[in-house]
Amino acid sequence: MGDGRWGGAERWRSAGRTLARVIVVWAVSTLTMLVLAGLLPDFQLQSADGDSFTRTALTAAAAAGAFGLLGALVWPLIVRALLLVPALVLGLLVFFLNGSLLLVALWLIPDGRGAADPQTAVVVAAVMSAVASATSTALAVRDDDAYRRRLYRLTGRTRPRESGSPGSGEAPEQAPGTVFLQLDGVGHHVLRGAVADGLMPTVAGLLDAGHRLTPWRTDWSSQTGASQLGILHGSNEDVPAFRWYEKDTGRIMVSNRPASAVELQRRAVRRTGDGGLLTFDGASRGNLFSGGADQLALVLSMAARRGPRNRSRAGYFAYFSDPANAVRTAGSFVAECFREMGQSTRALLRRETPRVSRGGMYPFVRAFATVLERDVVVSAVMGDMLAGRTAVYADLVAYDEVAHHSGPHGRDTDQVLRRLDRSIALIATVAEHAPRPYRIVLLSDHGQSPGETFEGAYGLTLKELVRAGCGLPVPRRVRRTRRGHPQTESGGGSEARDAARDAVRLALHRPVDETGESARELPARPSEPVVLASGNLGLISFPDVPHRMTREEIERRHPALLRTLAHHPGIGFVLVASAEHGSVVLAGDGAEVPVAELDDAGPLAVFGPGAARAVRRTDGFPHVADIMVNSMYDPASGAVHAFEAQIGSHGGLGGEQSHPFLLSPPELSPPVGAGEELVGAEQVHRVLRRWLGESSGPQVPLGQVGPLGPLEISPSIHETESVLPVEGPVAPDKSH
């Protein structure tokens, strides 16, 4: 009885505190509305004849109360009605929708004392939502219960899921959950530098608390598509690059296109016989692939679905259902657009090099990655923790997007790293209020290597170089003899540059060869090659030949092509099949090494340990290109040459791009034994799965898998993506 009376009294006290907070927020909102009415001429709270201050204050209180009730009751319904609107469009509509609610609230005031122009209503609504949110947060800071309830509301949750049997007493202690936060593109070297420079104090605190920082090495294809598929689904077999041409289907696969992502996930599930890392009570947030999770938000492989089966959009609608969230994110989105335009202008005025174009839609793309995607994903992760989910994997792409256009080192990316650290701190704070303990694991999928683009350094693209080597028409600027060929970061000598220039001239003019015989004529109408770029990795395929062409076949058709590529100073090495040697690696110094005999010495020595293994593995993929081209790498500067418009790139071998990190709490077993290396995304998957087993026991078998498991196989790529024309250009993608 005593416990019952005490519990009843506590509930009354809690209700009283809640009522007091509501009254305070209402009062502050009323005061804010009065101030805005005094500052903004097009916003009125009085009748045309004027009112006393008391009457005006009552009008403001009524308007503030009506606006608050509409925000709590009507706003979620509006957001749900806009379920099919893209997240970016919804973010831009937020201000106008919120302003419309304010106009409705003013219309509800008796005697027509409230009035505002539509433009003014947008401003007033934004300020009101921001002030109410800030006041509510400030009042909840000193009250753990109130703070926890506010977190539930902000993340779209009402209460944690039940964890004990009904009618039981105190809930049993739960096993720890695990949150995997992927800092996209943040390499091991960048993370250590950010900690040393004080940019990431939260990460520094984790290291001081005993967390292990372990570097790992990617496969040849050092990009999110290959790495995340391997990490989440245990296999990235036959993913040779970010984008590649498949001869058997006549399609260009692009890792961050929904139809390609869903097909890659389907293949991985069938190959491994396993649904993924997150099949047991898991959540996937902001990723390319679902990992077998049932709870999804902004997951690309699910975006190809139509109708109610597409649950990936639900995450950002749950987030935007709170108007304060919506206004804050929309405001930050606009501010980020202006920040990018300012930083781009500064770089242009200072004539900073290297530099790529940052105009057009890029400011909006950057704001989506650094603000909207970040806010939605962080909120979803917070909601997962408050719900007590067992495993959560989330990708924060902000650094990767900015580094592509600003470079991996500098003021722009430093600011992004600071904001990422604050996101990590927020998630760690929410973990303290979750219904179960959580272990937070930080990791990255790849790093980024700096460097001038291939086109910027040499005046022509990889595609133009290939066309020249094939004797196909090229722009006039490529046909000129470039006497002032620019020096590369590697400091390549004039002999290499002369060899490359001579090879291009041979291909363009088709002179007689050294024996005096006429060069073999090209076929009457040869199929043009498909040339694709994935960072500093290039792929060349000949679509009219159904099999992987050999060196001998290519040289009969295009005698100058392989020599043009291998001897170009901007290219590190070339991989091509050979009828005589199986496959060979060609390099500018005349080296020709069969893949079977390849080691980390010779032409791949500059790329570091593991390069030979990575090339040998990719050579065995069914969809490896006819010619694989890796750019040069200068170990002194760490520079590579991207074959696309990026001054921070990844996708091939060379430098920081191949060295991501894994940061794990001391309660988990070491990722690898002493003196061992962590190599490949598939091995990272095995480590993460082991850690989940240590925390929560065995994972669910494949037969119980939900999305994209054997009981629910995704639609084939043939059903979701039409054949892509191989002769047309491939549209650039925002990040990888």
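In what order do the eight strands of the open sheet run? The order is S8-S7-S9-S3-S10-S21-S4-S22, with mixed pairing. Helices (H or I, at least four residues) and strands (E, at least two) are DSSP runs numbered from the N terminus, and two strands pair if DSSP finds at least two bridges between them. At the edges stand S8 (295-297) and S22 (678-679), each with a single partner strand, so one side of each has no neighbour in the sheet.

Before going further, a word on the model: it is a predicted one, where local features need pLDDT of at least 70, side-chain atom pairs count only at pLDDT 80 or more, and totals for chains, interfaces and linings use all residues. Residues are numbered from 1 along each chain as its sequence is written, and side-chain values use heavy atoms, with hydrogens and water left out.

Taken as a whole, the protein has 25 helices and 22 strands. Buried residues make up 56% of its 736 residues; buried means under 20% relative accessible area, exposed means over 50%, and partly exposed is in between (1.4 Å probe, protein chains only). With a contact defined as heavy atoms within 4.5 Å, 74% of the contacts between residues at least 6 apart in sequence join residues at least 24 apart.

Back in the sheet, S10 (residues 438-443) pairs with S3 (residues 177-183) in the parallel sense over six bridges. Val-179 has Ile-440 as its bridge partner in S10, and Phe-180 has Val-441. With S21, S10 runs antiparallel, joined by two bridges; here Leu-443 is partnered by Leu-662 of S21. Strands of a sheet pair through backbone hydrogen bonds, in either the parallel or the antiparallel sense. Six of the six residues of S10 are buried, so this strand is largely enclosed by the rest of the structure. Tyr-438, Ile-440 and Leu-442 point one way from S10, while Arg-439, Val-441 and Leu-443 point the other way.

Angles here run from 0 to 180 degrees between N-to-C directions, the axes being lines fitted to C-alpha atoms (for helices, over the stretch in contact). H16 (residues 411-431) lies across S3, S9 (391-396) and S10, at about 165° to S10. H15 (residues 398-406) is mostly covered, with nine of its nine residues buried. Among them are Tyr-399, Asp-400, Glu-401, His-404 and His-405. The buried residues of H15 pack against H7, H14 (362-387), S9, H16 and S20 (648-649). After H15 comes Gly-407, with a positive phi near 95°.

What about the aromatic rings? Rings of Phe, Tyr and Trp (its six-membered ring) pair if their centres lie within 6.5 Å; planes under 30 degrees apart count as stacked, over 60 as edge-to-face and the rest as tilted. The count by this rule is six aromatic pairs. One of them is the tilted pair Phe-454 and Tyr-458, at 5.2 Å centre to centre with 50° between the planes. Both residues sit in H17 (residues 454-458), four residues apart, or about one turn of the helix. Phe-454 is buried at 1% relative accessibility, and Tyr-458 is buried at 0%. Elsewhere, Trp-220, Phe-573, Phe-607 and Tyr-633 form one aromatic cluster.

Grid points are joined across faces, edges and corners, and a volume is the space filled by probe spheres set on the points. There are four cavities of 30 Å³ or more. The second largest cavity holds about 80 Å³ of space. Of the 13 residues lining this cavity, the closest to its centre are Arg-217, Thr-218, Pro-609, Gly-610 and Leu-653. H23 (residues 611-619) gives the largest share of the lining, three residues.

Finally, Val-127 is found in H5 (residues 118-140) and is partly exposed, with a relative accessible area of 30%. Not counting residues up to four places away in sequence, Val-127 touches Thr-32 and Leu-36. Val-127 and Met-33 are 94 residues apart in sequence but 9.0 Å apart in space, C-alpha to C-alpha.

Note on methods. 1 Å grid on protein atoms, 1.4 Å probe; cavity = no way out; pocket = protein on both sides within 12 Å on 5 of 7 lines; lining within 4 Å.
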